[in-house]
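I opened this entry to record what I looked up in one protein model. The sequence and the coordinates come first, and my notes follow.

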Amino acid sequence: MGGKSFGSFGGSGRERARRRGQGQLESQVLAALHHAPGPATAAWVQDRLGGDLAYTTVMTILSRLHAKQAVTRERSGRAYVWTPAADEAGLAALRMRRVLDGEPDRDAVLTSFVSALSRHDEQLLRTLLDRDAADTNGPADASGPADAPTPADGPAPAPGRHHRPDEAHGA
């Protein structure tokens with residue numbers, strides 16, 4: 001099968017395989033799957049990566065991606081066919097959640113992340129959170145907007161990037 005190669009690097013096949021790390025291979029496999037016309041076999045992925053990787057290496061990467069819930073698989077005869085679990089943005093969000101879940105001080109990580117956002121990204125995040133809050137709480141009633149703090153919530157956070165610790169958990 002012809003098509004676009006997702007693993008063209010200099011040197012022999014063995015040198016190329018040795019130079020690529022697991023994360024790079026996973027990215028290349030996911031890129032190949034995203035360009036597939038539908039569910040793809042490991043052999044199809046191997047062919048798209050330039051054929052320099054062993055079939056067993058491709059299967060190992062696909063199995064690892066499956067364990068990370070980045071791809072789904074379905075039996076097709078004696079083989080599996082593989083599909084990305086989400087689009088590229090969804091997979092990036094999954095990786096971000098995994099990093100966050102692996103950190104012992106989630107509040108500090110989120111605080112640091114938010115404080116480093118550009119103004120545009122911060123505004124986008126605020127818009128998305130407001131939209132999610134409106135979807136969760138339903139339409140605002142006559143007492144005020146759905147995101148207005150109530151006396152039980154305590155004082156409203158100051159404008160800017162300062163947030164109460166419980167806000168990081170959505171509490």
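The entries below go from the overall fold to the core, the hairpin and the charged side chains.

**Basis of the notes**

I worked from a predicted model, in which local features need pLDDT of at least 70 and side-chain atom pairs count only at pLDDT 80 or more, while totals for chains, interfaces and linings use all residues. Residues are numbered from 1 along each chain as its sequence is written, and side-chain values use heavy atoms, with hydrogens and water left out.

**Entry 1: fold**

I looked up the secondary structure and found seven helices and two strands in the protein chain. I took helices (H or I, at least four residues) and strands (E, at least two) as DSSP runs, numbered from the N terminus. Along the sequence the order is α-α-α-α-β-β-α-α-α.

I then checked burial, where buried means under 20% relative accessible area, exposed over 50%, and partly exposed in between (1.4 Å probe, protein chains only). The protein chain has 171 residues, of which 21% count as buried.

For contacts I used heavy atoms within 4.5 Å. Among contacts between residues at least 6 apart in sequence, 53% join residues at least 24 apart.

**Entry 2: nonpolar core**

I searched for nonpolar cores, meaning sets of buried Ala, Val, Leu, Ile, Met, Phe, Trp, Tyr and Cys residues joined through side-chain atoms within 4.5 Å. The largest has 20 residues, and V29, L33, V45, L62 and L65 are those with the most contacts inside it. At least two residues of this core come from each of α2 (22-35), α3 (42-48) and α4 (55-67). Helix α2 gives the most, with five residues. As a general note, nonpolar side chains tend to be buried together in soluble globular proteins.

Which residues does L62 touch, leaving aside its neighbours within four places in sequence? I found V29, L33, A42, V71 and W82 in contact with L62.

**Entry 3: hairpin**

I examined the two strands next. Strand β1 pairs with β2 (residues 79-84) in the antiparallel sense, over six bridges; pairing requires that DSSP finds at least two bridges between two strands. Two residues lie between the strands of this hairpin, and G77 takes a positive phi near 70 degrees.

Across the pair, R73 stands opposite W82, and E74 stands opposite V81. In general, the side chains of a regular strand alternate between the two faces of the sheet.

I also checked for charges over rings, the criterion being NZ of Lys or CZ of Arg within 6 Å of the ring centre and within 35 degrees of the ring normal. Which charged ends sit over the ring of Y80? That of R73 sits 4.3 Å from the ring centre, and that of R75 sits 4.4 Å from the centre of the Y80 ring.

**Entry 4: salt bridges**

I counted four salt bridges in the structure, each a side-chain nitrogen of Lys or Arg within 4 Å of a carboxyl oxygen of Asp or Glu. I recorded three of them, as follows.

- K68 bridges to E26, with the closest N and O atoms 3.0 Å apart. K68 lies in the loop between α4 and β1 (71-76) and E26 in helix α2, so the pair ties together parts that are 42 residues apart in sequence. K68 is partly exposed at 32% relative accessibility, whereas E26 is buried at 9%.
- D47 bridges to R48, with the closest N and O atoms 2.8 Å apart. D47 is partly exposed, its relative accessible area being 33%, whereas R48 is buried at 8%.
- R106 bridges to D101 at 2.8 Å, N to O. R106 counts as partly exposed at 30% relative accessibility, and D101 as exposed at 53%.

**Entry 5: surroundings of R98**

I finished with R98, which is placed in helix α5 (residues 88-101). R98 is partly exposed, at 33% relative accessibility. Where does R98 make contact, leaving aside its neighbours within four places in sequence? I found K68 and Q69 in contact with R98. The C-alpha atoms of R98 and K68 are separated by 9.3 Å, and the two residues are 30 residues apart along the chain.
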